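Work through the exercises below with the sequence and the 3D view open. Each task is followed by its solution in steps.

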Amino acid sequence: MCGIIGYTGVKGAQEIMLDALEILEYRGYDSAGIAVCGEDSCVRIRKCAGRVKDLRLLCEKDGILGTCGIGHTRWATHGGVSDANAHPHRFGKVTVTHNGIVENYRDLVQRYRLEERLQSQTDSEVAAAVLDHFYSGDPLAAIRKTVLKLKGTFALSIMFEDIPGTIFAVRNVSPIVIARAQGGSMLASDVTVLGQYSKEYFVLPEFYVAVLKAGGVELYDMAGETAEPEWLTVNWDVDRSGKGGYPFYMEKEIMEQPQVIRETVLPRIQGGIPDLSGDGIPDSLLADCTRICVVACGTAMHAGLVGKALMQSLVRIHMDVELASEFMYTDVIVDEETLVIAISQSGETIDTLEAVKHAKKNGAKTLAIVNVRGASVARASDYVIYTNAGPEIAVASTKAYTTQLAVLYLLTGRMAYVRGSFGEEEAKAFARELMRVPEVMQKVLDRREEIHYIARSILNAQDVFMMGRGLDHAILLEGSLKLKEISYIHSEAYASGELKHGTIALITEDTPVVAVVTQDKVKSKEFSNIKEVQSRGAGVILFIKETFGLEKDAVWDSVFMLPAMEDGFMVMPASAALQLLAYYVSLDKGLDVDKPRNLAKVVTVE
Ligand code: M6R
């Protein structure tokens, strides 16, 4: 989850790394640090608890001149947030930054008698110490011996004190990408930052060692044989990664949705019908499976729930949605006839990655829906469909979610067509409605100040309940997560009919309720359930499909009329509205919307 950067070349390493760390901060923002090999060939470290801006201040007072360095922004796992636990860590001749978890660090501490010699409580310093133990002038040999001792996941960037101007990198699971840029060579934990500097990069293969020098990059396998990198092209518009005049990335990313959904959908409609052949998805994959199982976490898992509702009603295929973190431990049944769909914005979520590997071992076919090109989940899967959301920087996922939904609509449409649930005309009508999504969603975004006004009514709430049925419930699970993660208001989304089985005990005049009503077949039942909470004193904020109309005698705290689409597509405008609700609550509470406490954008620990 931590951000890693490294640079060696002809320019000042400190400035390049500080700029890059600011971009990388979304991966973790507990503490930050850099190590630079100075002109006298000494490696010096500056690091502190806090944000990159604090590190920048430190470097302004006491900077390090030099053209080779490694940097890090941390999301704490082992050891609290402190200056000492911030990376880089130096042990003897070795300086490292680390992303991942060394699971056997306690054994290593004992085995190499490190107890008295460590300066921090981190597993990362232990990795530096083991490297130093094995280092006697041959860096590749030391790295090789060290990685054989490490259990767990790691992306390590390494400097040896007596090899100035050179950075070594090795990894297991946790990603490292490498590029030629800025008059030298660079490495980073993800392409979002390297894309600012270079159009071409490669993903360091697991258990290969990269050697970065000013003049170029060499790649070695564990036997010490040279290898050729597999170069990839950055697939998104780097301009999109600025804030574009918005106060926070989250607002900008919400506002980008019509455009990125269009870019995700339009190339995949051919002859008026959803068509995934451009992604290399054979129709047989969709026609021959007997069941579908989604593995994903957080927001991506919520996208899977919407997909399940669509697939089951339109394709009539059995579909499960599993929390990726539970998948391996709950004896889920997957076999050769199961299509496992892994959904992940980053493509680096370790739980999702491990779930894909587990599914493959059990014979399932695997299809990834991923935003970041070349990411681990994409490479581990048999097939991949990329969402064209562009870089998503805010920790709270918005445009990645709705482009995941767009891909799930495309999959549903294609699957219904190839399995005969849709005839040609039905498939075309489905695609036409999907293509309307950007314009309808834009109407919600254009009225965002109405939602801003509504958000003020829950600013001081301790708890907010959300209720809806069917697809409305699936959307609210995501709306509730959004509110929790960026506003710190406790919130729960309930299937409306379930509230009275216990949770209604919590409803009082102090618990505002957000209700979404967009599904005709359950509309009247939803209204009855809403009356149940109103009778207990709760004020209700209603998001309703505009064509449904309101009962004359009903009283609402606020109402937002959602522009109409067919019921199955109302997820899209409703999602945008709920994202805006959470955003404005967080904004008006004066919180750091893009970097909510305790979270990180990419979750690479189990
Ligand atoms: O990169 P992924 O889509 O695999 O990430 C999964 C979750 O960690 C992510 O969706 C998380 O729940 C977001 N913070 C939600 O906004």
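**Exercise 1. The whole chain**

How many helices and how many strands are there in the protein?

Solution. This is a predicted model, in which local features need pLDDT of at least 70, side-chain atom pairs count only at pLDDT 80 or more, and totals for chains, interfaces and linings use all residues. Residues are numbered from 1 along each chain as its sequence is written, and side-chain values use heavy atoms, with hydrogens and water left out.

Step 1. Helices (H or I, at least four residues) and strands (E, at least two) are DSSP runs, numbered from the N terminus. The protein has 19 helices and 26 strands.

Step 2. A compact globule of 606 residues would have a radius of gyration near 25 Å, and the protein agrees with its 25 Å. This radius is taken over C-alpha atoms, and the globule rule is 2.2 Å times the number of residues to the power 0.38.

Step 3. The C-alpha trace spans about 80 × 55 × 45 Å along the principal axes.

Step 4. Of the 606 residues, 61% count as buried; buried means under 20% relative accessible area, exposed over 50%, and partly exposed in between (1.4 Å probe, protein chains only).

**Exercise 2. Strand E2**

Find which strands pair with E2, and state why E2 is described as largely enclosed.

Solution. Step 1. Two strands pair if DSSP finds at least two bridges between them. E2 and E3 (residues 43–49) pair in the antiparallel sense over 7 bridges; within this pairing, arginine 46 of E3 is the bridge partner of isoleucine 34.

Step 2. The hairpin of E2 and E3 has 5 residues between the strands, and serine 41 there takes a positive phi near 70°.

Step 3. E2 also pairs with E4 (residues 68–74), in the antiparallel sense and over 7 bridges. Here serine 31 has arginine 74 as its bridge partner.

Step 4. In a regular strand the side chains alternate between the two faces of the sheet. From E2, Ser31, Gly33, Ala35 and Cys37 point one way, while Ala32, Ile34 and Val36 point the other way, and all are buried.

Step 5. Because 7 of the 7 residues of E2 (residues 31–37) are buried, the strand is largely enclosed by the rest of the structure.

**Exercise 3. Histidine 452**

Is histidine 452 buried or exposed, and which residues does histidine 452 touch?

Solution. Step 1. Locate histidine 452 in helix H16 (residues 448–455).

Step 2. Its relative accessible area is 9%, so histidine 452 is buried.

Step 3. Not counting residues up to four places away in sequence, histidine 452 touches Tyr584 and Asp588, where contact means heavy atoms within 4.5 Å.
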